[in-house]
Amino acid sequence: MNDVNIYKDIGSLLASSKNTVVVTGAGISTEAGIPDFRGEKGIYRTLGEDKVMNLINVDAFRRRTEEFYKFYRNYFMLPKVKPSRAHYLLAEMEKKGIIKAIVTQNIDNLHQKAGSKRVIAVHGNADNFICTKIGCPTMVDGDYVRSVSDLVPKCPQCGSILKPDVVLFGEPIQNHRLARDTILNAQLLVVIGSSLTVYPLAGFVGEYCASSEKFIIINKGPTALDHKATVKLDTDNTGKALEEILKYIE
Ligand code: NAD
Ligand code: ZN
C-alpha cells in the first residue's frame, strides 16, 4: 500500500472513533532535537545498554549518588528544545476532539509545552527535581540544578538530596492504573515513535491489542507489535505524517 492510501485509512479510522488514545515514545521527540535511546545517536548505542542501566537505577541513586549525578548531568539533562510539529498537531487534534488523551513514556514535557491538556506521563519529567526528605514538598527545575556548584544538588529548603522526577530502573512507573485504564478503554489506539519494547507500557498496549482490532502504529522501523497493527505507517517524519492524515479528516 502506498503512503497516500495509508494516510486515508488512518484518517477514516480517526474520523469514526469516539475515543482515540495516543501512546508516544522517544521517536516523536527526535524531530524536536532529543535523541532516542536506541537510535544511531542514542545512548544505548553510544555507551551501551549495560552502562546506562548500571547507573540509571534507584540503587545507584541511593548508594553511588555522586557517580549517578555525574552521569545524569552529562546524559539526562535534556537540551532545551521546542516541541516538534507532531507535538503541536496532537495538541490541535485534542482541541478539535479528534483525540482524547496521550499516554507518554517521554520525560521531556514537550506534549504539555505544545498545549496538550490530557497527558498521562508514566516515566516522569526530567526537568523536575524533588526533595527526598519525607514530608518536604519542595520541587525545583533543571535551571536551579544547573546553577548550583554542588555535583549532587540539595533542597533549597531543608538541605536534603534532590532526586530527578524520572522513573529509574527498579522504580514503579507513575500513573500506572490511569495509563492502563485509559489505553484499555480506547476505541482506537495510535502509537507514535515507540519501539514498544519498554514495559509495563508496552504490556498495556499488548493487552489492548488482545481485545481490539483498531490499532495504528506510526514509527520508523519495526516495533514489537507490528503484527497486531490494523495500519502501520513507517516514517521518520511524524509531523508530516500527521499533517497528511489530518487532510483526510477535515
Ligand atoms: P525507543 O527508543 O525504544 O523507540 C523509539 C522508536 O522511535 C524507535 O523505534 C525509532 O526507530 C523510532 N523513531 C526515532 N525517530 C523517529 C522519527 N523521527 N519518526 C518516527 N519514528 C522515530 O523509545 P521508547 O519506546 O519511547 O522507550 C525508550 C525509553 O527511553 C522510555 O523509557 C523513555 O522514557 C526514554 N526516553 C525518553 C526520551 C524523551 O523524553 N524524549 C528520549 C529518550 C529516551
Ligand atoms: Zn527538602
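Leaving aside neighbours within four places in sequence, asparagine 57 is in contact with Phe68, Leu168 and Phe169, where contact means heavy atoms within 4.5 Å. This is a predicted model, in which local features need pLDDT of at least 70 and side-chain atom pairs count only at pLDDT 80 or more, while totals for chains, interfaces and linings use all residues. Side-chain values use heavy atoms, with hydrogens and water left out, residues are numbered from 1 along each chain as its sequence is written, and chains are lettered from A and ligands numbered from 1 in the order in which they are written.

Asparagine 57 sits in the loop between helix H3 (49–55) and helix H4 (58–63). Helices (H or I, at least four residues) and strands (E, at least two) are DSSP runs, numbered from the N terminus. With a relative accessible area of 12%, asparagine 57 is buried; the word buried stands for under 20% relative accessible area, exposed for over 50%, and partly exposed for what lies in between (1.4 Å probe, protein chains only). The side chain of asparagine 57 reaches two backbone oxygens: that of methionine 53 at 2.9 Å, and that of asparagine 54, also at 2.9 Å. Both can be read as polar contacts, meaning a pair of N or O atoms within 3.5 Å; within protein, one must be able to donate a hydrogen and the other to accept it, and residues adjacent in sequence count only if both atoms are side-chain atoms.

Now for the whole chain. The protein has 11 helices and nine strands. Its radius of gyration is 19 Å, close to the 18 Å that the globule rule gives for 250 residues, so the protein is as compact as a globular protein of that length. That radius is taken over C-alpha atoms, and the globule rule is 2.2 Å times the number of residues to the power 0.38. Along the principal axes, the C-alpha atoms fill a box of roughly 55 × 35 × 30 Å. Of the 250 residues, 50% count as buried. Among contacts with a separation of 6 or more, 65% come from residues 24 or more positions apart. The protein exposes about 12300 Å², with carbon and sulfur atoms supplying 49% of it; the areas come from the Shrake-Rupley method with a 1.4 Å probe, and for residues only the protein chains shown count as cover. As for charge, there are 32 positive and 28 negative side chains, and the centres of the two sets lie 3 Å apart. Here Lys and Arg count as positive and Asp and Glu as negative, with His and the chain ends not counted, and each charge is placed at NZ of Lys, CZ of Arg, CG of Asp or CD of Glu.

Serine 194 is buried, at a relative accessible area of 8%, and its side chain reaches the backbone nitrogen of leucine 196 at 3.0 Å. The peptide bond from tyrosine 199 to proline 200 is cis, with omega near 5°. Most residues other than glycine have a negative phi, and most peptide bonds are trans.

Two asparagines have a positive phi. Asparagine 109, with phi near 65°, lies in the loop between strand S2 (101–104) and helix H7 (110–114) and is partly exposed, at 25%. Asparagine 175, with phi near 55°, lies in the loop between strand S6 (162–166) and helix H9 (176–184) and is partly exposed, at 38%.

Helix H11 (residues 238–247) is largely enclosed by the rest of the structure, because seven of its 10 residues are buried. Those buried residues, including Leu242 and Ile245, pack against helix H1 (3–16), helix H6 (85–95), S7, strand S8 (215–219) and strand S9 (231–234). Isoleucine 217 lies in strand S8 and is buried, at a relative accessible area of 0%. Beyond four places in sequence, isoleucine 217 touches residues including Val191, Leu196, Thr223 and Leu233. Isoleucine 217 and leucine 233 are 16 residues apart in sequence and 6.2 Å apart in space, C-alpha to C-alpha.
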